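Colleague: I have not seen this structure before. Could you show it to me and take my questions one at a time?

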Amino acid sequence: MLRIGCHLSMSGGYLHMSEEAVSIGANTYQYFSRNPQGRGVRPFDAADADAMIKYNEENGIGAILTHAPYILNPSAATEELRQATLEIMREDVGRLEYFNEAMYNFHPGAHVKQGVEAGVQYIADLLNHLIDPGQKTIVLLETMAGKGTEIGRSFEEIRAIMDLVEPSKRDRLGVCMDTCHVSDGGYDIKNSLNDVISEFDRIIGIDRLHAVHLNDSKNEIGAHKDRHEKIGEGYLGLETFRAVINHPALSHLPFFLETPQDLEGYAKEIALLKSIYQG
Ligand code: FE
Ligand code: FE
Ligand code: ZN
């Protein structure tokens with residue numbers, strides 16, 4: 001079974017997102033934990049969360065991915081900014097512990113001219129403070145396009161962060177691979193998906209991969225631009241997505257669309273991907 005969904009808005013609450021997912025043929029989804037460009041968060045509504053959990057069980061929804069606001073920067077240049085990022089992520093993860101199987105995805109950050117090495121250390125420091133080995137939530141580092149001073153543009157940078165996280169906490173840490181980002185980062189998933197997956201396995205370990213963001217790219221390989229395109233309408237093309245969702249190392253993973261679509265457009269993309277899934 002293809003585990004597929006898209007990015008949804010949290011504005012109507014938990015149950016509403018799950019109902020919306022079902023209405024577009026999805027069996028999972030992603031949402032921002034709070035205003036993606038700010039810090040504000042709606043109060044936690046346990047009754048809504050309980051209703052969503054029950055609805056998900058009845059409707060086969062699972063592997064929901066919560067995305068941290070992208071304004072956060074775990075490798076910011078000041079202690080104050082890094083601390084503010086940690087506090088927000090702590091609050092988000094604390095909230096996710098209410099659920100039995102949560103995944104929390106975040107952008108590793110931008111080193112803002114401090115250099116990759118310093119940035120990598122800050123991100124690992126944050127993870128060491130954030131992760132409790134006993135937590136249920138799995139924290140995911142997203143592979144990035146390498147726009148500006150973004151960290152996580154290569155598998156080596158992701159690995160470097162993971163290596164600095166205490167071994168007892170690594171079990172709660174994983175990776176979310178974004179197809180637009182890895183292509184923009186210079187990995188040729190369009191022509192050599194197998195080689196890219198082998199490289200991911202060699203450098204990071206394929207068992208660390210917990211989720212995939214499915215986005216076409218407005219730009220060519222190595223562009224470092226991070227401009228998402230609708231599935232099949234960008235540089236990557238539909239055949240790339242057929243290969244990705246059917247790849248033996250990936251086909252069991254949850255896939256999340258972050259394409260420039262409205263709900264109706266997402267419903268069409270989900271139907272299209274289901275129609276080419278052979279699993
Ligand atoms: Fe992201
Ligand atoms: Fe993404
Ligand atoms: Zn992106």
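Predicted model: local features only at pLDDT ≥ 70, side-chain atom pairs only at ≥ 80, totals over all residues.

Colleague: Is Asp 226 buried or exposed?

Modeller: A residue counts as buried when its relative accessible area is under 20%. For Asp 226 the value is 17%, so Asp 226 is buried.

Colleague: Which residues coordinate the iron ion (ligand 1)?

Modeller: The zinc ion (ligand 3) and the iron ion (ligand 1) are separated by 5.3 Å. The spacing of the donor residues of the iron ion (ligand 1) in sequence is H-x39-H-x34-E. At 2.1 to 2.3 Å, the coordinating residues are His 67 (NE2), His 107 (NE2) and Glu 142 (OE).

Colleague: Which residue bridges the iron ion (ligand 1) and the iron ion (ligand 2)?

Modeller: The iron ion (ligand 1) and the iron ion (ligand 2) lie 3.3 Å apart. The residue that bridges them is Glu 142.

Colleague: How many residues apart in sequence are the parts that His 67 and Glu 142 tie together?

Modeller: His 67 and Glu 142 are both buried. His 67 belongs to strand β3 (residues 65-67) and Glu 142 to strand β5 (residues 138-142), so the pair ties together parts whose separation in sequence is 75 residues.

Colleague: Where is Glu 258, and what is its relative accessible area?

Modeller: Glu 258 sits in the loop between β10 (254-257) and α10 (263-275). Leaving aside neighbours within four places in sequence, Glu 258 is in contact with residues including His 67, Glu 142 and His 228. Glu 258 is buried, and its relative accessible area is 14%.

Colleague: Which residues is Ser 183 in contact with, leaving aside its neighbours within four places in sequence?

Modeller: Ser 183 is placed in helix α7. Ser 183 is buried, at a relative accessible area of 1%. With those neighbours left aside, the contacts of Ser 183 are Ile 189, Ile 221, Gly 222, Tyr 235 and Leu 236.

Colleague: Why are the buried residues of helix α5 said to be on the same side of α5?

Modeller: In helix α5 (residues 155-163), the buried residues are Phe 155, Glu 157, Ile 158, Ile 161 and Met 162. They are on the same side of α5 because the arc they cover around the axis is only 165°.

Colleague: What covers the buried residues of α5?

Modeller: The cover is made up of several elements, and the ones named here are part of it. Among them are α4 (116-130), β5, α6 (167-170), β6 (173-178), α7 (179-184) and α8 (193-203).

Colleague: Which residues on the other side of α8 are exposed?

Modeller: The buried residues of α8 are Leu 193, Val 196, Ile 197, Phe 200 and Ile 203. They fall within an arc of 135° seen down the axis, so they line one face of the helix. What covers these buried residues includes α5, β6, β7 (209-214) and α9 (237-246). On the other side of α8, the exposed residues are Asn 194, Asp 195 and Arg 202.

Colleague: What arc do the buried residues of α1 cover around the axis?

Modeller: The buried residues of α1 are Tyr 14, Met 17, Ser 18, Glu 20 and Ala 21. Their cover includes β1 (3-8), β2 (28-32), α2, α3 (79-96) and α10. They are on the same side of α1, because the arc is only 160°.

Colleague: Are α1 and α2 roughly parallel or roughly antiparallel to each other?

Modeller: The axes of helix α1 (residues 14-23) and helix α2 (residues 46-59) come within 7 Å and cross at roughly 25°. Angles under 35 degrees count as roughly parallel. The two helices, α1 and α2, are therefore roughly parallel.

Colleague: How do the residues of the contact of α1 with α2 divide into nonpolar, polar and charged?

Modeller: On the α1 side the contact includes Tyr 14, Leu 15 and Glu 19, and on the α2 side it includes Asp 48, Met 52 and Asn 56. The residues of this contact divide into 7 nonpolar, 3 polar and 2 charged.

Definitions and conventions: Residues numbered from 1 in each chain as written. Chains lettered and ligands numbered in written order. Heavy atoms only, no water. Donors = N, O, S within 2.8 Å, 3.2 Å for Na, K, Ca; no water. Helix = DSSP H or I, 4+ residues; strand = E, 2+ residues; numbered from the N terminus. Buried < 20%, exposed > 50% of the residue type's maximum accessible area, 1.4 Å probe, protein only. Arc of directions from axis to C-beta. Contact = heavy atoms within 4.5 Å. Axes fitted to C-alpha atoms, helices over the stretch in contact; angles between N-to-C directions. Parallel < 35°, antiparallel > 145°, perpendicular 65-115°, else oblique. Nonpolar A, V, L, I, M, F, W, Y, C, P; charged D, E, K, R; others polar.
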